[in-house]
Amino acid sequence: MAKKRKLKCPICGKDVDIPKKNKLPPNFPFCSKRCKLVDLGRWLNEEYKFFEPVSIEQDIKDDEE
Ligand SMILES: [Zn+2]
């Protein structure tokens, strides 16, 4: 008895059918392109945190003589 394995979309929790190995859909393991983009956006946000330049407060004084 083969059980149909299902995966839950990491974003919305919707059931996603696990495809055959050779037929991975472009959105896998997400249920849709939208959820994939949401995940990508989260990733980018994390990246941005990483690459966020340290804000250096420069003491710019107008010492113009
Ligand atoms: Zn989803």
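**Cysteines and a cis proline**

Biologist: Why does Cys31 count as buried in this predicted model?

Modeller: Cys31 has 21 C-beta neighbours inside 10 Å. The cut-off for buried is 20 or more, so Cys31 counts as buried.

Biologist: What share of the chain is buried?

Modeller: Buried residues make up 5% of the 65 residues.

Biologist: Where are these two cysteines found?

Modeller: Cys9 sits in the loop between β1 (6-8) and β2, while Cys31 is in the loop between β2 and α1. The elements run β-β-α from the N terminus on, which comes to one helix and two strands.

Biologist: Which residues is Cys31 in contact with, leaving aside its neighbours within four places in sequence?

Modeller: Cys9, Cys12, Lys14 and Val16. A contact here takes C-beta atoms within 7 Å.

Biologist: What does Cys9 touch, not counting residues up to four places away?

Modeller: Lys14, Val16, Phe30, Cys31 and Cys35. Cys9 and Pro29 are 20 residues apart along the chain, and their C-alpha atoms are separated by 6.4 Å.

Biologist: How do you know which kind of peptide bond joins Phe28 and Pro29?

Modeller: From omega, which is about 0° there; the bond is cis. Pro29 lies in the loop between β2 (15-17) and α1 (33-51).

Biologist: How much of the chain's contact set comes from residues 24 or more positions apart?

Modeller: Such pairs account for 15% of the contacts with a separation of 6 or more.

Biologist: How do you know what confidence the chain has, in terms of mean pLDDT?

Modeller: pLDDT runs from 0 to 100, and the chain's mean is 80. In the chain, 69% of the residues reach 70 or more.

Biologist: Why should I care where pLDDT is low?

Modeller: Because the predicted coordinates should not be read in detail there.

Technical notes
Residues numbered from 1 in each chain as written. Predicted model: local features only at pLDDT ≥ 70, side-chain atom pairs only at ≥ 80, totals over all residues. Helix = DSSP H or I, 4+ residues; strand = E, 2+ residues; numbered from the N terminus. pLDDT = per-residue confidence, 0-100. Buried ≥ 20, exposed ≤ 12 C-beta atoms within 10 Å, placed from the backbone. Contact = placed C-beta atoms within 7 Å.
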